[in-house]
Amino acid sequence: MSETKQVIIQMKGIRKSFYIGQPHELEILHGIGLSVRKGEFVSIVGASGSGKSTLMNIIGALDRPTSGEYILDGVDISKAGDGELSGIRNRKIGFVFQTFNLIPRTSALKNVELPMLYSGTSKTLRTARAKELLEIVEMGERMSHQPSELSGGQKQRVAIARAMANDPAIILADEPTGALDSETGRLVMDLFHKLHREQGKTIVLITHNQELALETERILTLRDGNFISDEKGGQV
Amino acid sequence: MDFIENIRLAVTGLLSNKMRALLTMLGIIIGIAAVITIVTLGDAITSTVSSTMEEMGGKNITVLLEEKNPEVVLPGMSQTLGVSMGFDIMGNMAESDLISDEMIGQLWDRYGDEIQALSMIEQVGNGKAQDGRAYSNLSVSGVNGDYEKSESLTLLEGRFINDRDIDRAVNVAVISDKTAKAIFGQADKALAQEIKVHMDTEIQTYTVVGIYEYEELVMPMTTQVAEEDVRTAFYIPLSTARKQTGAPDGCKSFTLMAKQNIQPSELADKVESFFDIYYRDNVNYRCSATSMDTIIEQMDDIMGTVSVAIAVIAGISLLVGGIGVMNIMLVSITERTREIGTRKALGATNGNIRIQFVVEAVIICLIGGIIGIILGILCGVFGSSILGYPAFPGVGIILIAVTFSMLIGVFFGYYPANKAARMDPIEALRYE
Ligand SMILES: Nc1ncnc2c1ncn2[C@@H]1O[C@H](COP(=O)(O)OP(=O)(O)OP(=O)(O)O)[C@@H](O)[C@H]1O
Ligand SMILES: [Mg+2]
């Protein structure tokens with residue numbers, strides 16, 4: 001990994017707490033520091049409830065930290081407004097969810113077009129791009145199928161194509177293989193490797209599967225809202 | 001995000017749940033259909049009534065004697081009520097109370113240049129013309145020459161009753177083409193023939209001097225009878241009629257027809273004040289003059305009030321329909337919370353989400369409105385043809401209905417849409 005590659009995620013002292021009733025304030029993240037370089041394939045592991053998803057939501061600009069500094073691809077997220085966050089999610093982030101979250105009663109093609117619809121891409125361009133992406137994830141034959149007509153693995157491949165739609169800098173995947181059997185999970189994982197290798201995407205993957213985590217370049221272990229280790233040579 | 005995509009989205013959403021969409025639209029459909037139907041029927045009734053009135057003489061003024069201090073009974077209804085209750089209120093009317101020929105002469109001198117015609121009628125009664133097995137039901141009336149003009153009769157053969165007939169009080173008659181056909185077989189054969197008319201107690205023989213065209217009223221006033229039993233008017237000279245009934249000279253009422261450029265209501269006022277001078281000292285009677293156009297105006301007023309009432313009812317039904325749409329939008333938004341969360345994660349702004357749901361509400365209302373319009377047109381056209389005066393709703397009311405249903409969509413869709421737009425993306429994504 002080259003030292004010259006630029007840092008794309010830069011977090012310092014990120015805290016996140018939730019209000020649960022008046023006197024109690026539950027702090028989930030206790031001052032996280034993290035930096036990820038462009039093109040890295042990072043996995044985050046940790047026990048259930050350790051705060052992985054909470055951290056992922058902050059990385060993905062879906063949520064703002066209670067305190068701390070977060071700079072995503074040069075933009076200070078802690079100070080951005082709602083509209084700005086929408087734009088960042090749209091262009092810089094590609095989400096892949098455990099439960100796929102495809103829009104029901106909408107074809108695979110239309111699902112992949114969706115992020116481009118919000119970025120104002122013209123009809124012809126977005127259809128062409130969506131078709132191209134579906135070919136990459138080997139779903140070209142199922143373009144007009146609705147989510148209810150697809151298997152779990154197929155849905156997740158469509159979701160990955162959708163995450164790639166606006167050619168984002170980062171792909172965030174929260175347990176993308178969690179709802180799939182190991183064989184299908186393997187296919188999805190291979191797809192992430194392909195995107196990483198061929199398109200140089202930065203990928204942050206949350207997983208409970210130790211084997212899959214070992215395939216990545218860097219493993220971050222979270223416990224009770226703090227990183228306790230950063231294996232395979234990165235720094236916390 | 002482009003608009004067409006939003007419309008497409010809304011339509012696919014509706015098609016995926018057709019029954020629910022239809023039930024949601026029902027309030028709008030019924031409201032809009034009711035408005036269109038009622039406006040169409042209202043138009044049909046108004047034009048039927050006005051054309052009937054017009055046919056009965058739009059320029060006519062009815063002058064009649066009425067009691068100054070009617071007891072119990074309402075003004076204007078005294079005559080009909082009195083008769084139907086079995087005693088004649090006018091019974092004690094003296095010959096000196098009647099409108100005399102002299103008064104009418106004075107009226108001519110004063111307002112002759114504003115009056116087109118002055119017609120008088122004296123009802124004799126119902127009778128039957130008979131010749132062997134052929135017969136024709138008649139209503140015998142004594143009239144003057146101007147009656148032809150004020151009733152816009154069309155003369156087919158011969159002439160109408162004239163002043164000479166009245167002076168000499170002869171037995172001549174103007175009959176309908178219906179009577180002529182029934183008795184003489186052919187309308188033009190009747191002229192100068194004799195016709196026998198059976199009344200209650202006597203038989204009178206008349207010479208036919210003219211034949212007029214019988215016209216059915218647009219709005220039949222009496223119950224339907226067989227074609228050959230229809231009672232048509234049989235006109236004889238006024239003086240002949242008075243001789244038969246024993247009525248004194250002078251009349252209780254007559255009809256004026258205003259000249260083309262004269263306002264009937266204004267002339268009616270003048271005529272009324274003209275007669276006030278004669279009847280100032282009469283303790284029992286006065287003379288009233290009412291023009292047809294004031295009756296038509298009153299009709300319009302009534303129709304106006306009815307329209308307002310209908311608008312209120314339609315408004316309530318559309319309000320209920322709108323609330324129904326709002327309710328289903330709130331349900332739909334709750335059901336689609338995860339979808340909303342996903343859209344936000346993919347970069348939808350609050351505005352994108354808001355527009356999406358407002359468009360959906362507008363589409364529901366618009367489709368409901370269009371179905372309502374089609375239904376309303378069908379009911380309106382069908383109903384008005386039953387009334388015997390087919391009418392079609394105007395383009396204006398259809399455009400108003402379309403615009404209004406869209407406005408309902410915007411108004412009742414905004415609150416749910418805004419609620420969706422302001423959802424927190426994480427909470428929406430976590431929604432079970
Ligand atoms: N909105 C919230 N309000 C209150 N507590 C919350 C909220 N969101 C998360 N938490 C709490 O924060 C903690 C961390 O949750 P998070 O979802 O980040 O865990 P996780 O590491 O992703 O777990 P898993 O592996 O099971 O997905 C949990 O204890 C959870 O109860
Ligand atoms: Mg989680």
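Select chains A and B together. About 2,000 Å² is buried between chain A and chain B, and carbon and sulfur atoms give 59% of that area. Keep in mind that this is a predicted model.

Next, show the contact residues. Chain A contributes 22 residues to the contact and chain B contributes 21 residues. Across the interface of chain A and chain B, 8 residue pairs are in polar contact, with both residues at pLDDT 80 or more.

By type, the side of chain A that touches chain B holds 9 nonpolar, 5 polar and 8 charged residues.

Move on to ligand 1. The residues around ligand 1 number 14, and A:Ser48, A:Gly49, A:Lys52, A:Ser53 and A:Thr54 come nearest. Residues from both chain A and chain B surround ligand 1, so the site is shared between chains.

A polar side-chain atom of A:Lys52 sits 2.7 Å from an oxygen atom of ligand 1. For A:Ser53, a side-chain N or O atom is 2.7 Å from an oxygen atom of ligand 1. From the other chain, B:Arg430 places a side-chain N or O atom 3.4 Å from a nitrogen atom of ligand 1.

Finish with a surface. Taken alone, ligand 1 exposes 640 Å², and the protein buries 69% of that.

Key
Residues numbered from 1 in each chain as written. Chains lettered and ligands numbered in written order. Predicted model: local features only at pLDDT ≥ 70, side-chain atom pairs only at ≥ 80, totals over all residues. Heavy atoms only, no water. Contact = heavy atoms within 4.5 Å. Buried area = accessible area lost by both parts, 1.4 Å probe. Polar contact = N/O pair within 3.5 Å; in protein donor to acceptor, adjacent residues only side chain to side chain. Nonpolar A, V, L, I, M, F, W, Y, C, P; charged D, E, K, R; others polar. Near = heavy atom within 4 Å. Areas by Shrake-Rupley, 256 points an atom, 1.4 Å probe, with all protein chains shown as cover.
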